[in-house]
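Welcome, and please take a moment to turn the model around before reading on. The notes below walk through it one topic at a time.

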Amino acid sequence: MIVKEGAGESVTGPMAKRGIKRFMKKKIPLSFTVNGEEVELYISPNRTLLEVLREELELTGTKEGCGEGVCGSCTVLCDGVPVRSCLTLAMEVDRHDITTVEGLGEQGEPDPLQQSFIDHGAVQCGFCTPGMLMSVKGLLKRNPAPGEEEIRRGISGNICRCTGYTKIVEAVTAVTTGSNRKNHEG
Ligand code: FES
Ligand code: FES
């Protein structure tokens with residue numbers, strides 16, 4: 001690895017490693033929006049967005065499954081686009097807008113998508129649910145009326161070991177077609 005220091009000089013070997021360690025220990029300022037609230041804090045440059053959300057901000061709705069970008073349980077929205085927070089460095093979201101599952105509904109007043117998941121049995125152990133919801137939210141922003149194939153593609157990066165996915169697809173379809181709302185009104 002080559003690290004540039006000073007006036008363009010290249011430094012390699014133990015000196016470079018010491019420089020990197022010093023940089024990692026140094027805290028850097030981070031400011032971003034989470035669920036509509038502005039947040040400012042100091043973090044080590046190697047902290048992931050997932051760590052900052054869960055450990056610094058106590059937003060533990062976002063789950064850590066694999067920790068390496070495979071399961072999708074850590075999915076949040078960054079400027080409306082689903083991202084895996086375990087693979088995203090917190091410093092990458094500086095000045096961006098993050099939405100986590102806590103930003104979807106209120107206590108006792110869930111988001112229609114959350115309600116539909118409940119109504120259709122699309123939540124079983126619930127571990128995948130926050131990431132699944134955020135992936136679906138991202139999909140619905142891009143395409144408010146996805147068909148079954150598009151829904152399945154939209155959640156293809158989220159692993160669920162309990163539901164077999166069919167109930168999740170039904171829950172999303174009920175929201176996009178308005179049938180869940182009718183059930184609640186009727
Ligand atoms: S915890 Fe991030 S993808 Fe599995
Ligand atoms: S509800 Fe258990 S993993 Fe999806």
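## A facing pair and its hairpin

Let's begin with one pair of residues: L77 has P82, a residue of strand 6, standing opposite it. This is a predicted model, so please read every value here as computed from it. Helix 4 packs on the sheet, where it touches both strand 5 and strand 6, and its direction makes about 35 degrees with that of strand 5.

Strand 5 and strand 6 run antiparallel and are joined by 4 bridges. Together they form a hairpin, with 2 residues between the strands. One residue to look at in the turn is D79, which has a positive phi of about 50 degrees.

How many strands form the open sheet, and in what order? There are 5 strands, in the order 4-3-7-5-6, and their pairing is mixed. At the edges are strand 4 (37-43) and strand 6 (81-84), each of which pairs on one side only. From one strand to the next, the twist averages 40 degrees. As background, the strands of a sheet pair through backbone hydrogen bonds, either parallel or antiparallel.

In soluble globular proteins, nonpolar side chains tend to be buried together. Here the largest nonpolar core has 35 residues, and M132, I168 and V172 are those with the most contacts inside it. At least two core residues come from each of strand 3 (28-34), helix 2 (49-56), strand 5 (75-78), helix 3 (112-119), helix 4 (129-142) and helix 6 (166-177). Which element supplies the largest share of this core? That is helix 6, with 6 residues. The core also draws at least three residues from each of domain 1 (26-103) and domain 2 (112-185).

Leaving aside residues up to four places away in sequence, V172 touches V136 and I151.

## Two loop residues with positive phi

Most residues other than glycine have a negative phi. R95 has a phi near 70 degrees, a positive value in a residue other than glycine. You will find R95 in the loop between strand 6 and strand 7 (97-99).

Y165 belongs to the loop between helix 5 and helix 6. Is its setting buried, exposed or partly exposed? Y165 is partly exposed, because 17 other C-beta atoms lie within 10 Å.

## A residue in helix 5

E150 lies in helix 5, which covers residues 148-154. With 15 other C-beta atoms within 10 Å, E150 is partly exposed. E150 and L139 are 11 residues apart in sequence, and their C-alpha atoms are 8.6 Å apart in space.

## How confident is the prediction?

The protein averages a pLDDT of 90, and 88% of the residues score at least 70. Residues 1-9 have a pLDDT below 50. Beyond near neighbours in sequence, this stretch has 10 contacts in the model.

Definitions and conventions: Residues numbered from 1 in each chain as written. Chains lettered and ligands numbered in written order. Predicted model: local features only at pLDDT ≥ 70, side-chain atom pairs only at ≥ 80, totals over all residues. Core = buried A, V, L, I, M, F, W, Y, C linked by C-beta atoms within 7 Å. Buried ≥ 20, exposed ≤ 12 C-beta atoms within 10 Å, placed from the backbone. Domains from an automatic or database assignment. Contact = placed C-beta atoms within 7 Å. Pairing = 2+ DSSP bridges. Axes fitted to C-alpha atoms, helices over the stretch in contact; angles between N-to-C directions. pLDDT = per-residue confidence, 0-100.
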